Amino acid sequence: MAKTMAAVQAAETREEMGIVIDAQGMHYRDLNRRLREAATEGEARFRLVNVNGQRYIGTGLKGDLHLEICGVPGNDLGAFLSGPTILVRNNAQDAIGNTMDSGSIIVKGDAGDVIGYGMRGGTIFINGNVGYRVGIHMKAYRQKSPVIVIGGAAGDFLGEYMAGGVIILLGLSERNGDPLVGNYCASGMHGGEIYLRGKVDPRHISPHAKIAQTKPTQIEHIRPHIAEFCTHFGYDADKVMGEPFFRLTPVSHRPYGAKYAT
Amino acid sequence: MMMKERDLLLEEPQTEEAEEPLHEVRVATTPVYYPPEFRWTNDQERCARCKRCIHQCGWKALRWEGRVVADDSKCVGCHRCEAFCPERCITILPNPQAFKEHGLWSVGHRRNLWKQAETGGVLLAGMGNDLPYQVLWDHLVLDACQVTNPSIDPAREPMELRTHLGRKPEAVEVRQNGDGFELVTALEPGIELSTPIVFAAMSYGSISLPAQKSIAMAACELGTLWNTGEGGLHDEVRPFANRAIVQCASGRFGVDVDYLNSGAGVEIKIGQGAKPGIGGHLPGEKVSQDVSETRMIPVGSDALSPAPQHDIYSIEDLRQLIFAIKEATNYEKPVSVKIAAVHNVAAIASGMVRAGADILYLDGFRGGTGAAPTTIRDHFGIPIEIAIAVVDQRLRDEGIRNQASIIAAGGIRSSADVAKAITLGADAVAIGTAALMALGCTLCQKCYTGRCSWGITTQDPQLTRRLDPNVGAQRLVNLVKAWSEELEEMLGALGVNSIESLRGSRERLRGIQLDRTTLEVLGVKPAGVGA
Ligand code: SF4
Ligand code: SF4
Ligand code: SF4
């Protein structure tokens with residue numbers, strides 16, 4: 001570990017778009033330190049190649065930065081992210097966008113568990129499938145409202161403890177009979193909305209959520225997010241919007257309202 | 001089951017349902033049988049009929065009917081009225097109403113049972129565990145110098161209370177540099193305290209802004225620490241952030257990269273002594289405009305903190321969050337991890353150190369809270385005395401004690417408790433309940449109602465404006481200064497001139513009236529056994 005900055009910089013080349021860093025064999029501490037330094041020096045565009053499981057890429061980065069990642073980034077990609085856009089050309093792992101405040105994360109492949117935990121703003125687009133506990137405890141605040149759009153299917157506990165924002169699950173991937181969403185979807189939900197495209201087995205939905213068909217006004221509300229998703233991954237937005245959506249909203253905004261004795 | 005209805009929903013679009021009614025705690029559905037806990041009386045002869053007591057009562061227990069009349073069932077015994085009565089003519093007594101004594105069924109048990117039979121609700125409580133468990137502090141005594149070793153007079157000789165929190169190296173290398181020396185070893189980020197007493201985590205939301213500001217101002221003046229709790233950082237206390245530990249808990253309220261970088265350190269809250277294993281919910285009523293801005297959630301929404309942090313299910317996951325925070329703060333801030341002291345605390349603490357925690361914050365089962373289910377508050381966790389001893393011992397045995405500092409909290413009542421905690425192995429202690437008492441709290445334990453007459457655990461502006469942060473801060477500074485001076489006295493009697501020398505020096509403690517196993521666990525000899 002702990003390469004000197006010179007050694008880290010030796011793995012860099014400069015292209016017109018910005019800095020290219022070859023992350024081959026590089027410890028995450030060195031890689032991220034270099035990113036932070038270069039961002040402080042005013043660099044705004046980065047391409048990281050040969051990324052192979054390095055954690056915390058983009059964590060805590062602020063401002064109008066662009067990171068393109070070739071390879072598979074490790075856990076906590078873009079944690080506490082505040083502004084930057086991160087494009088992952090391959091799959092990604094767990095805890096993407098942990099407690100994210102603003103910015104955008106786009107993943108061309110699949111992604112793992114606990115994506116967008118406690119996210120307060122910004123957008124996450126995953127082309128493929130995602131694991132468990134995605135969108136857990138997302139919350140909206142003032143003009144901020146976080147959005148997660150998933151192209152494929154999701155595991156258990158999608159939108160658990162959800163307090164605000166929007167999760168859209170499109171189910172575009174081939175699932176070989178696997179359900180669109182796993183068990184306990186929306187359990188503990190007390191704010192926000194979840195949109196599920198296509199058939200939903202109500203047994204997978206927590207009793208904490210109401211299920212309703214989406215009204216035209218509500219569809220319009222999510223159209224921009226779906227359109228952006230389609231632009232990122234090359235789908236036809238009208239086709240995607242052609243299927244009916246179900247909408248989940250909380251049964252109560254005050255789930256602990258009448259629990260206690262005075 | 002409702003599955004049938006839900007199946008139907010898939011076919012038929014459903015119209016929006018009316019919003020549910022506003023939050024209400026459960027109220028009695030049958031007549032209230034049990035008598036009030038207190039009896040409020042005043043001396044009619046002395047009463048000046050100024051009505052001040054009526055205005056002072058946050059619980060609206062008093063009213064004017066040509067004279068002051070009390071609704072005893074609303075009185076929580078907080079003594080605000082009595083303290084502000086110009087004639088000092090108010091007396092609040094325990095209700096003398098006698099029940100037939102019973103060795104098993106205390107009146108408290110009966111009262112709780114009746115309340116639940118009436119409301120069907122979960123019992124809530126504020127402050128810490130109030131059951132009469134044995135207090136181990138009161139069974140530990142300190143050594144003093146006599147004849148064979150000289151004591152030190154702190155009035156004549158300097159005493160060092162300065163304490164450093166954070167990861168320390170195994171050894172330091174120094175190099176001669178001209179006339180002086182320079183440190184070769186790179187030190188991890190740490191925090192210097194002027195005294196080994198910090199303020200415990202209390203969020204804005206659970207306590208009022210003037211209460212938090214009092215604590216923040218006092219911490220800065222004293223050169224110690226305050227702790228934001230999980231409520232974020234309000235603009236009014238931001239100027240004092242350089243002496244704050246900023247907390248990141250399961251709700252992630254108010255947590256962003258600026259927040260993480262604004263304090264002296266960051267704390268990951270796993271648990272709390274008053275409610276191990278359960279989360280928290282700040283009811284929507286307490287989420288005012290201001291609280292909403294600090295927590296970064298909408299006004300009036302319940303602020304739920306789920307029981308676990310859902311990205312932490314193992315020591316490896318804890319390490320992942322610790323290093324996410326270190327990355328987000330450029331490795332410039334020590335990271336503390338706060339847990340409730342539970343049965344397996346020593347092994348968990350070892351894992352926390354190996355996960356990269358620089359500070360272990362251990363909260364014993366007497367730790368306070370704004371609100372906790374009474375059953376959890378009173379029956380879960382272990383005493384802090386035990387936790388300090390077993391964690392310190394375990395980390396020493398594993399040779400990793402230098403890698404993290406221990407802050408001990410949960411039932412520190414006096415400087416003697418501080419001295420004993422440090423002698424058992426803590427680096428510093430945190431005071432929460434004691435700090436609130438310095439602000440006026442009388443331990444009525446009704447914080448969860450949000451009506452605190454002392455303006456401490458309420459968001460009602462009528463009540464919070466009674467607390468002047470300048471006065472509050474002064475009282476806290478007085479308290480901590482007094483305790484620190486007493487610590488110096490104690491060090492003198494022990495014949496050492498620095499708190500470092502006392503830390504973990506259990507040979508200077510003796511146990512009285514403790515059984516053999518407890519003494520072994522504490523690593524303390526019984527009184528009467530010499531060195
Ligand atoms: S101020 Fe406190 S002690 Fe006085 S009547 Fe009200 S609740 Fe009772
Ligand atoms: S504050 Fe004291 S003097 Fe004034 S009305 Fe109340 S009991 Fe009487
Ligand atoms: S803070 Fe207020 S409500 Fe809580 S115990 Fe103290 S006096 Fe009572």
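In which helix of chain B does R396(B) lie? R396(B) belongs to helix α11, residues 384-397 of chain B; helices here are DSSP runs of H or I with at least four residues, strands are E runs of at least two, and both are numbered from the N terminus.

Before I continue, a word on conventions. This is a predicted model, in which local features need pLDDT of at least 70 and side-chain atom pairs count only at pLDDT 80 or more, while totals for chains, interfaces and linings use all residues. Residues are numbered from 1 along each chain as its sequence is written, chains are lettered from A and ligands numbered from 1 in the order in which they are written, and side-chain values use heavy atoms, with hydrogens and water left out.

Let me return to R396(B). Its relative accessible area is 40%, so R396(B) is partly exposed; buried means under 20%, exposed over 50%, and partly exposed in between, with a 1.4 Å probe and protein chains only. Leaving aside neighbours within four places in sequence, R396(B) is in contact with R401(B), R503(B) and G504(B), where contact means heavy atoms within 4.5 Å. From R396(B) to W226(B) the C-alpha to C-alpha distance is 28 Å, and the two are 170 residues apart in sequence.

W226(B) brings us to the nonpolar cores. A nonpolar core is a set of buried Ala, Val, Leu, Ile, Met, Phe, Trp, Tyr and Cys residues joined through side-chain atoms within 4.5 Å. The largest one has 133 residues, and F199(B), W226(B), L360(B) and I456(B) touch the most other members. Helix α15 of chain B, residues 469-494, supplies the largest share of this core, with nine residues. Apart from this core lies another, of 54 residues, including A38(A), I115(A), I126(A) and L158(A). As for W226(B), the contacts beyond four places in sequence include F199(B), Q212(B), L233(B), F240(B) and R243(B).

A buried serine also deserves mention. S415(B) lies in helix α12, residues 415-424 of chain B. Because its relative accessible area is 5%, S415(B) is buried. Not counting residues up to four places away in sequence, S415(B) touches W483(B), E486(B), L487(B) and M490(B).

Next, the ligands. A residue is near a ligand if one of its heavy atoms lies within 4 Å of it. Around ligand 1 there are 13 residues, of which C57(B), C75(B), C78(B), H79(B) and C81(B) come nearest. Ligand 2 has 14 residues around it, with C47(B), C50(B), K51(B), C53(B) and C85(B) nearest. Around ligand 3, the residues include W59(B), M127(B), C441(B), C444(B), C447(B) and C452(B).

To classify these shells, Ala, Val, Leu, Ile, Met, Phe, Trp, Tyr, Cys and Pro count as nonpolar, Asp, Glu, Lys and Arg as charged, and the others, Gly among them, as polar. The shell of ligand 1 then has ten nonpolar, two polar and one charged residues. For ligand 2 the division is nine nonpolar, one polar and four charged, and for ligand 3 it is eight nonpolar, three polar and one charged.

What, then, joins the two chains? In all, 57 residues of chain A are in contact with 62 residues of chain B. The size of an interface is often given as the accessible area lost when the parts come together. Chain A and chain B bury about 5300 Å² between them, 53% of it on carbon and sulfur atoms; this is the accessible area, with a 1.4 Å probe, that the two parts lose on being put together, summed over both. Three salt bridges are counted between chain A and chain B, a salt bridge being a side-chain nitrogen of Lys or Arg within 4 Å of a carboxyl oxygen of Asp or Glu. R142(A) forms a salt bridge with E293(B), with the closest N and O atoms 3.3 Å apart.

Over all chains, the count comes to 48 salt bridges. In chain A, K144(A) pairs with D101(A), with closest N and O atoms 2.8 Å apart. K144(A) lies in the loop between β7 (123-126) and β8 (147-150), and D101(A) in the loop between β5 (82-88) and β6 (102-107), so the pair ties together parts that are 43 residues apart in sequence. K144(A) is partly exposed at 25% relative accessibility, whereas D101(A) is buried at 6%.

In chain B, R162(B) and E160(B) meet at 2.9 Å, N to O. A network of salt bridges that share partners joins D392(B), R396(B), R401(B), D427(B), E500(B), R503(B) and R506(B), and this returns us to the arginine in helix α11.
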